Amino acid sequence: MTKQVKVSIIIPVLNREFLIRETLDSILSQTFIDWECIVVDDGSSDGTIDVVNSYIMKDERINLISRPKHRTAGGNAARNFGFEQARGEYIQWFDSDDLMLSDMIEKKVSLIEQGFDCVIGNAKVIGGEEESRPIYSENFYFDLLIQKVRIETSKCLWRKKYIDEDNIFDEKVQRIQDWEFNLRNFKKIENFYFLDEVTYLYRRHGNSITMRNNQTRSFDLIFTYYTAFKQQEESRKSDNKICSYFFQSINREMPVLLERREFKLSVKALAYIFSIIPYTQLNKFNYLVQSIFGIILFGVTGRGYRFFKLPKER
């Protein structure tokens, strides 16, 4: 019979040879000891696996598994696969470059055992100018949606039985995955606790996944925004502000797609936008005319960003 543990710490990892040591050291230093750590390799090509194996030799609570090849590459599939293997009563997803303070798990467990389904701790940003955004506001869900409140994956300890197939990470989403995940879950959950103190260090660095840029970044963001918009079935019928936020977020990425000559993706993004506009106070015909003209002009001259400035609401 498989022995249950109190907390499963799940860490997706990809090419973190020079960062994962400190992360695992911070886990080994926890004052709370009833945990397992599942490191899920997402296809590392450096020495990450050797480093993790050296820690497995030190402590049997650490395990290493690999994302199955048939699963989509990326952090979400790795997080979900780790969740499927987890034995813990509580789930702590954690990023491979973050650092736990020594009492993080102990404090969160003491609170969640009071009957909460989720405990949200705060973080201190190191290695960058950006400061951590607040984790609490009076209008929490709306501020979470417009990203005024930011709940990174590592901030939350979840009760495992709350998470099911409808609540896990969307493996098709490649950008701001934690935001999309949190929008779904905090829309349903009411029983959670804000631990408004620093519980871990959030490291920003040049190799951070959130700092990386690539050819598909803008469309990946657009896809995430549109995926989240579709989930707001009730809100999009009654709250123009929410719909306008999604419209603005997608529209903001359009010039980047055009600059990279991603015309097929630009047309697809326009289709997303036109499914959102009816829920806003925007003039659909005017936006259609200026968008088509902007794409044609940019295709011919390489200029035309101004046609993707936000149209005035009626």
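# Chatting through the fold

Student: Let's start with G121: which residues is G121 in contact with, leaving aside its neighbours within four places in sequence?
Tutor: G121 is in contact with K108, I135, K155, L195, E197 and T199. Contact here means heavy atoms within 4.5 Å.

Student: Before I go on, what sort of model is this, and how is it numbered?
Tutor: It's a predicted model, where local features need pLDDT of at least 70 and side-chain atom pairs count only at pLDDT 80 or more, while totals for chains, interfaces and linings use all residues. Residues are numbered from 1 along each chain as its sequence is written, and side-chain values use heavy atoms, with hydrogens and water left out.

Student: Back to G121, then. Where is G121 found, and is G121 buried or exposed?
Tutor: G121 sits in strand β6, residues 118–126. G121 counts as buried because its relative accessibility is 0%. The cut-offs: buried is under 20% relative accessible area, exposed is over 50%, and partly exposed is in between, using a 1.4 Å probe on protein chains only.

Student: How far apart in space are G121 and F194?
Tutor: Their C-alpha atoms are 6.4 Å apart, although G121 and F194 are 73 residues apart in sequence.

Student: What about the whole chain: how many helices and strands?
Tutor: The protein chain has 11 helices and 8 strands. These are DSSP runs numbered from the N terminus: helices are H or I with at least four residues, strands are E with at least two. Of the 314 residues, 54% are buried. Among contacts with a separation of 6 or more, 76% are between residues 24 or more positions apart.

Student: Which residues have the most contacts inside the largest nonpolar core?
Tutor: They are W93, I151, W158, F186 and F246, in a core of 52 residues. Helix α9 gives the most to this core, with 8 residues. Another core lies apart from it, with 31 residues, including I9, V51, I112 and A123. A nonpolar core is a set of buried Ala, Val, Leu, Ile, Met, Phe, Trp, Tyr and Cys residues joined through side-chain atoms within 4.5 Å.

Student: Let's look at α9 and α7. What angle do they pack at?
Tutor: Helix α7 (residues 217–231) and helix α9 (residues 240–259) pack at about 165°, with their axes 9 Å apart. They are therefore roughly antiparallel. For contact residues, α7 brings R217, S218, F219, L221, I222, Y225, Y226, A228 and F229, while α9 brings C243, Y245, F246, S249, I250, R252, E253, V256 and L257. They divide into 13 nonpolar, 2 polar and 3 charged.

Student: What do those angle words and classes mean?
Tutor: Axes are lines fitted to C-alpha atoms, for helices over the stretch in contact, and angles run from 0 to 180 degrees between N-to-C directions. Under 35 degrees is roughly parallel, over 145 roughly antiparallel, 65 to 115 roughly perpendicular, and the rest oblique. As for classes, Ala, Val, Leu, Ile, Met, Phe, Trp, Tyr, Cys and Pro are nonpolar, Asp, Glu, Lys and Arg are charged, and the others, Gly among them, are polar.

Student: And how does α9 pack with α10?
Tutor: α9 and helix α10 (residues 263–276) pack at about 165°, and their axes are 10 Å apart. That makes α9 roughly antiparallel to α10. The contact uses C243, F246, F247, I250, N251, M254, L257 and L258 of α9, with F263, L265, S266, A269, L270, Y272, I273 and I276 of α10. By class, there are 14 nonpolar, 2 polar and no charged residues.

Student: M254 is in there. Is M254 buried or exposed?
Tutor: M254 is buried, at a relative accessible area of 0%. The C-alpha atoms of M254 and S266 are separated by 6.5 Å, with the two residues 12 apart along the chain.

Student: New topic: what is the phi of N15?
Tutor: Phi of N15 is near 50°, a positive value in a residue other than glycine. Most residues other than glycine have a negative phi. N15 lies in the loop between β1 (5–13) and α1, and is partly exposed at 28% relative accessible area.

Student: What about I176: what is its phi, and where is it?
Tutor: I176 has a positive phi of about 35° although it is not a glycine. I176 is in the loop between β7 (156–159) and α6 (177–188). I176 counts as buried, at 16% relative accessibility.
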